[in-house]
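Take a look at this protein model. A few questions and answers follow.

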Amino acid sequence: MGKTKHTGPIKLPGKPDPKLWVSKMPFGLGKVKPHHIRDTMKVMVDNRDNLPYAFRILTQGVCDGCALGVSGLYDQTLAGPHVCTTRLNLLRLNTMPAIKPSVLHADIDELRKMDSTQLRKLGRIPYPLIRRKGERSFSRLSWDAALDMIAERIREIDPKQLAFYLTARGITNESYYAAAKVARFLGTNNIDNASRICHSPSKTALKRSVGIGASSCSYKDWIGTDVLIFWGSVAANNQPVSTKYMYAAKRKGTKIIVINPYREPAMDGYWVPSIAESALFGTRIADDFYQVNIGGDIAFMHGVMKHWFAMEAEKPGSAVDRKFIAEHVSGYEELRQHVKLQDWAQLERSSGLSRQRMEEFAELLAASKSGVFVWSMGLTQHRFGTDNISQVANLALLRGFLGREHCGLMPIRGHSGVQGSGEMGADPFSLPGGEFKGADIPRIEKVWGFELPKWQGDIVGVTLENAMLPEDHERKLKLFYTSGGNFLETMPDPDFVRVCLESVAIRVHQDIVLNTSTLADAKETVIVLPAMTRYEQPGGGTSTSTERMVYFSPEIAGPRIEEARAEWQIYCDLASRVYPDRAGLVQFKDAQALREEMAVAAPNYDGVQHLKKKGDVFQWGGAFLCEEGNCPTPTGRGQLIKVELPELRKPEGHYYITSRRGKQFNSMIYSAIDPFNDADRYDVLVSARDAENQGIAEGDAIVLYNSCGTFHGRARYADIASGNLELYWPECNALLPKKVYEPFAGIPEYNTAVVMERAETFHALKDTRYVEKRIAELDHEMNDEEAHA
């Protein structure tokens, strides 16, 4: 861990800089862009019945949106207030009243007519509910009856038939910790969370490359670094406050580079609402875009390194930091020989970029004395996600961009609760402060006072699949306990997921609102438990930002859902009922007692026990992990990793697809129209050249299909790399393959190949063998590709 401490927020420049303006037209009139003022007014109207409480949440609580870590209206990066529409959109989840009983207890088919957006707007879950097999509506249940029923079934089944899942919905570190402890207390290691589905390759790759499982630097390091790279990340859309950091970086002379198949309008130019100059005239963010193929990043980075090694052969020291490598890095010669074998033609074909463009980027990095690499799900959610991140780490290690100011590796988090989830042990590979292996197991057993189950737990995708196992199988999923989450809208192949969910005997949904998966049938019983928001929890709670800042969010006075309970308290109460003779092992007097145990169980969190009031915060690990290049690996050195090139071949008429986010938070959609490009949720972003080659005009009805499913949409011309398509998520999930997981980290595959055709062509020929033949051709190509990967 580093010794250097974070130096706190810095001030923005006072004078404007017209060179960065997007337009001289005030407020971007006439341009496609978010309407921050209008959206803010709409939020005020939506919360008009609870405006004082909404104001207190904004000014006293820690943001329950993205993981930038805004406490009240302030953070540790920049002086001055921050607020964004993502946070404002989430506000209503915290202020709305309970669902009306007449709606809540209506016939289940009436509720099923609504999508998740409509269900969310009904209001909060007011009290425990139950719906048994064959019943047409939910019935009210007491807390005692609900928890006793769940506890009785847990005692009856094999612990391997029990699984827990926690989403990222404003969940605090305290709740993650309690869930991790309770799951193991009940004998199961089947516990997973949303963070692992999004960023598990980041943790896995960083651990093997540099020995850490979190960002090595802080947001403050963006401001003044020579080059800031966003790789497969649209931070302007998913973490809007970060645009303020980008603005500050631009004012310091930082070059911002975006590597993404689509030239994202939000990263091209943005109107930052909390900076007067930017709110009026916009800010040009990206200096350049490198539009790689979907899945072409490994090839691109091979090209960068290949040019570096050629530069080194001609002039030693011109491309890589030889002193840093000699003192802090292993595997240099092995990597050099591996990269030397790469063929430029193949790298161009796979990456979608010319050799010249790869060499340009290589020379830009070689000339930079500092650099920060930021990435998100554009790199992680592939069947080779861990290798993607290892390649990024290779670049950083070769240039010495690690362990010092304005340098680092940053997997940027999309939700406020996710960084702490694995650090609190809420996944099958983790324990608080460590991993589910080696010395961490006896260490935690000593803290917790009971023996841990030693078998390997399943990731949530496999857990769902286990619902389909024979009744007598030891891993047949019989009780699934989920805190938030909607697998019908977040996992590939939603029809298959529905069958899985409905094959579970008892499903427990602990949540604040209903969603479509709550309404799915179960073999026996669905139980719904009302949870508190983070702002309602007695004694407050903590969350950890991307940059490892642990913030305290206090309990905020306001209206309450009378029967809602703090999530960590629900877990502990349930465990006490399952094994009352050992209840003392999982009971906590209050949130403070819980934090005191967290500080012991997770050594990096020693300090969390001192967070007690608004504004309290500390950063575990210091300003820089791997400070001065010293990595917490067995050798103390960073490890360069040889990564194989996945072959990406796209026959004529075949495309790779990936998903993107519009105006939404995770799967919670707030508008059918994307404010950055005016696209509809069923628009398919396609290059004009690709579409015209197939006789597809903009706005034409089109069909995408593969062996997984079919998607009906409309063509929308966009500046996207040829051979690639982008679709909105979760609408596109029917095209994504089920049961495909990244081998190192278990992340589901969220990219695939499809055939694209005009709708009239598809429908004219769908009753012939034509479609089946094209699917067979596609599958053949994909199988060949995987064999070469």
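Q: In which sense do strand β1 and β2 pair?
A: This is a predicted model, where local features need pLDDT of at least 70 and side-chain atom pairs count only at pLDDT 80 or more, while totals for chains, interfaces and linings use all residues. Residues are numbered from 1 along each chain as its sequence is written, and side-chain values use heavy atoms, leaving out hydrogens and water. Strands are DSSP runs of E, at least two residues, and helices are runs of H or I, at least four; strands pair if DSSP finds at least two bridges between them. Strand β1 (residues 129–132) joins β2 over two bridges, with L129 opposite R140, and the sense is antiparallel.

Q: Which strands are the edges of the open sheet?
A: The sheet has seven strands in the order β2-β1-β17-β16-β15-β3-β4, with mixed pairing. An edge strand here pairs on one side only. That gives β2 (139–140) and β4 (191–193).

Q: At what angle does helix α9 run to β4?
A: Angles run from 0 to 180 degrees between N-to-C directions, with axes fitted to C-alpha atoms, for helices over the stretch in contact. Contact means heavy atoms within 4.5 Å. Helix α9 (residues 194–210) touches β3 and β4. Its direction makes an angle with that of β4 of about 70°.

Q: How far apart are the axes of helix α14 and helix α18?
A: Two packed helices are described by the angle and the distance between their axes. Helix α14 (residues 297–314) and helix α18 (residues 355–366) pack at about 65°. Their axes are apart by 8 Å.
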